[in-house]
Amino acid sequence: MTAADNRRDEAVLTEPALTEPVLTVEDLTVVYEVEQPVTAVKDASLTLHRGEILGLAGESGCGKTTLAYAVNRLHRPPARISSGRITFHDKDGDDVDILALEDAELRAFRWDKLSMVFQGAMNALNPVTTVRAQLKDTLLAHRPRMSRKEVRERSEEVLRRVGVDPGRLGSYPHELSGGMRQRVMIAMAMLLEPQIMIMDEPTTALDVVVQRDILREIVRLRDELDFAVVFITHDLPLLLEISDRIAVMLEGEIVELETAEKLYREARHPYTRKLLGSFPSLSGERGAFIRTGVDETAPGEETPEATTPTVPAQAPTEERA
Amino acid sequence: MTSVHVTDLVKDYTIRNGLKRTRLRAVDHVSLELTPGRTVALVGESGSGKSTIAKILTRMEKPTAGTVAVERDDGTTVDRSAYRREVQMVFQDPFASLNPFHSIEHHIARPLRIHNRTAKGEETRERVLEMLERVNLTPAANIAPRRPHELSGGQRQRVAIARALAPGAKVLIADEPVSMLDVSIRLGVLNLMGRLQREDDLAVLYITHDLATARHFSDEITVLYRGRVVERGPADAVILDPHHEYTKLLAAAAPDPERPGRVTAADPVDRDAIDNSACYDHFAGEWREAGVPAAEAKAVTRAD
């Protein structure tokens, strides 16, 4: 039995046995400095523990991607971190204040310590170069002294780890299926053995069977390599299954942060209950929803849009999954 | 009311690879019945032929073989122009299916005029507002002059549904109508479709790969695998008591928090053993040959 299994079991019985923290976010506020400034993330605080899978749930426009970008300092103007602290606790004991990093330090930090699988990862690969060239580029940017042979071996190894035949190194992204491209992206994110991987909707738009394969891969890799994962999605049933803890975001605020089990059984925030109520249950009673948080007495008349945070008409945000 | 009888539908695509030509059979002897007031869900992986069937039903593609017969209650067949009016489609991506240059009003007024549902401008306008109200886009007068980019995804999909119903649709083909929407909005759109179906006694084909919504929003599920139907039956029977290996794999792959910690569980079936040579029919309670004309399909014995 692996450490992760233990954690999972304990989470069901008692509080999870949390290990030391790897990332601490304190009171982070991110503002989009447009004509009428929008506070996309409000005083968000969370601690990510080593080897943990932390789910970040919420709907489009709630600030979950902005939060993930800010942690990596990948946000671009007009987004600005107006307050807060982000501290990375390195394996060897050093604490890194991410917000204070200089450009060169930041470049070295990113991907090496903390990597990211971007939203729409299927289309995040460079279409005009081969998988080999893209892996090599990443490796040499961070490990300039690596020999050709080492680069080749490492590239083959990561592909093998995510279940892609190393023979596909010479392929261009369009020659790979969606699931394979997704795996290549994950391989690229783990290329430098980071301590944290942020995954932004890594399985949306994939087939359920392929999705299951990828999830299984992520959990297996986490168990083997013990990195922490921030898993962002709006698919709550999926998060409940794979995460140790789940943070629910609403309008830029983390409204609930609980272990998956607790969140599922006794969600406190009405919004969490509403989210849970939005999913029909697969194996439960017909007409039963995951957690009956929504009044289902009048099916057909229920218009969740009316109760969800309203987006100003002038600023339609991406609502696309 | 109108029902659709799809019999032994076959669609071949020719793939050219240099000088070589190969034939890809995307849909292989698929038979379906769409009857008023019932929803049939069509589930299957990408590439299993779901969308090809939708395209043939809406006459965007011609079948290689097989028939699609549309009949009214009195037994008369529906002619070509009526077919285009009565069989309508809702597309997956509401961001691409509405024209960004035109107002919402235009999107709904155009099918009304093309199909001669309304004569005068004033009448058309009233109908448009009526349609918008039916899909819960209120205040309709406020929504009508807007352009698609001013609406949220859920609102846009409602416009797409209103547009499909505007010419007087009797059969609605919904190809992944909610997969691009936010989860909290999906239920609202599905419930809306359910209500409209009851009000208009529509026959609905719901194409999806989300088993949970397929189960809750349809009466019958048809599972496609590599172009052939491998399982069909009442929604609950197919999900709770799957017989075909592929359906079992699908059911096991869908997230279900009632069974946590199963992420790393192995597949319930051997993937290499999945074939599409036979179809389990829950109505008949037996296995039948797949990929052959429905009238000739023989019962087969198969361990499950």
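The side chain of Glu20(A) forms a salt bridge with that of Arg50(A), at 3.7 Å from N to O, a salt bridge being a side-chain nitrogen of Lys or Arg within 4 Å of a carboxyl oxygen of Asp or Glu. Because Glu20(A) sits in the loop between α1 (3-13) and β1 of chain A and Arg50(A) in the loop between β2 (38-49) and β3 (53-57) of chain A, the pair ties together parts that are 30 residues apart in sequence. Helices (H or I, at least four residues) and strands (E, at least two) are DSSP runs, numbered from the N terminus. Arg50(A), for its part, is buried, with a relative accessible area of 10%.

## Conventions

The model is predicted, so that local features need pLDDT of at least 70 and side-chain atom pairs count only at pLDDT 80 or more, while totals for chains, interfaces and linings use all residues. Residues are numbered from 1 along each chain as its sequence is written, chains are lettered from A and ligands numbered from 1 in the order in which they are written, and side-chain values use heavy atoms, with hydrogens and water left out.

Over all chains, the salt bridges come to 39. One of them joins the side chains of Glu224(A) and Arg161(A), at 2.3 Å from N to O; this pair links distant parts of the chain, with Glu224(A) in helix α7 (residues 208-225) and Arg161(A) in helix α5 (residues 148-161) of chain A, 63 residues apart. Glu224(A) is partly exposed at 43% relative accessibility, and Arg161(A) is partly exposed at 23%.

Arg183(A) and Asp213(A) also meet through their side chains in a salt bridge, at 3.8 Å from N to O. Since Arg183(A) belongs to helix α6 (residues 178-189) of chain A and Asp213(A) to helix α7 of chain A, the pair ties together parts that are 30 residues apart in sequence. Both Arg183(A) and Asp213(A) are buried. Through salt bridges that share partners, Arg154(A), Glu157(A), Arg161(A), Arg183(A), Glu193(A), Asp213(A), Arg216(A), Glu217(A), Arg220(A) and Glu224(A) are joined into one network.

## Charged surface patches

On chain A, Asp27(A), Asp43(A), Glu251(A) and Glu253(A) form a negative surface patch. Patches of this kind are made of residues with over 30% relative accessible area and no salt bridge, like charges being joined within 9 Å and nonpolar side chains (Val, Leu, Ile, Met, Phe, Trp, Tyr) within 5 Å. Asp27(A) lies in strand β1 (residues 21-32) of chain A and is partly exposed, with a relative accessible area of 43%.

On chain B, a patch of positive charge on the surface gathers Arg59(B), Lys62(B), Arg80(B) and Arg84(B). Arg80(B) belongs to helix α2 (residues 80-86) of chain B and is exposed, with a relative accessible area of 65%.

## Two buried loop residues

Ser218(B), in the loop between α8 (211-217) and β8 (220-225) of chain B, counts as buried at 1% relative accessibility. A polar atom of the Ser218(B) side chain lies 2.2 Å from the backbone oxygen of Ala214(B).

Pro280(A) is found in the loop between α10 (270-276) and α11 (304-307) of chain A and is buried, with a relative accessible area of 8%. The C-alpha atoms of Pro280(A) and Pro237(A) are separated by 9.7 Å, the two residues being 43 residues apart along the chain.

Technical notes
Areas by Shrake-Rupley, 256 points an atom, 1.4 Å probe, with all protein chains shown as cover. Lys, Arg positive; Asp, Glu negative; His and termini not counted. Charge placed at Lys NZ, Arg CZ, Asp CG, Glu CD. Buried < 20%, exposed > 50% of the residue type's maximum accessible area, 1.4 Å probe, protein only. Polar contact = N/O pair within 3.5 Å; in protein donor to acceptor, adjacent residues only side chain to side chain.
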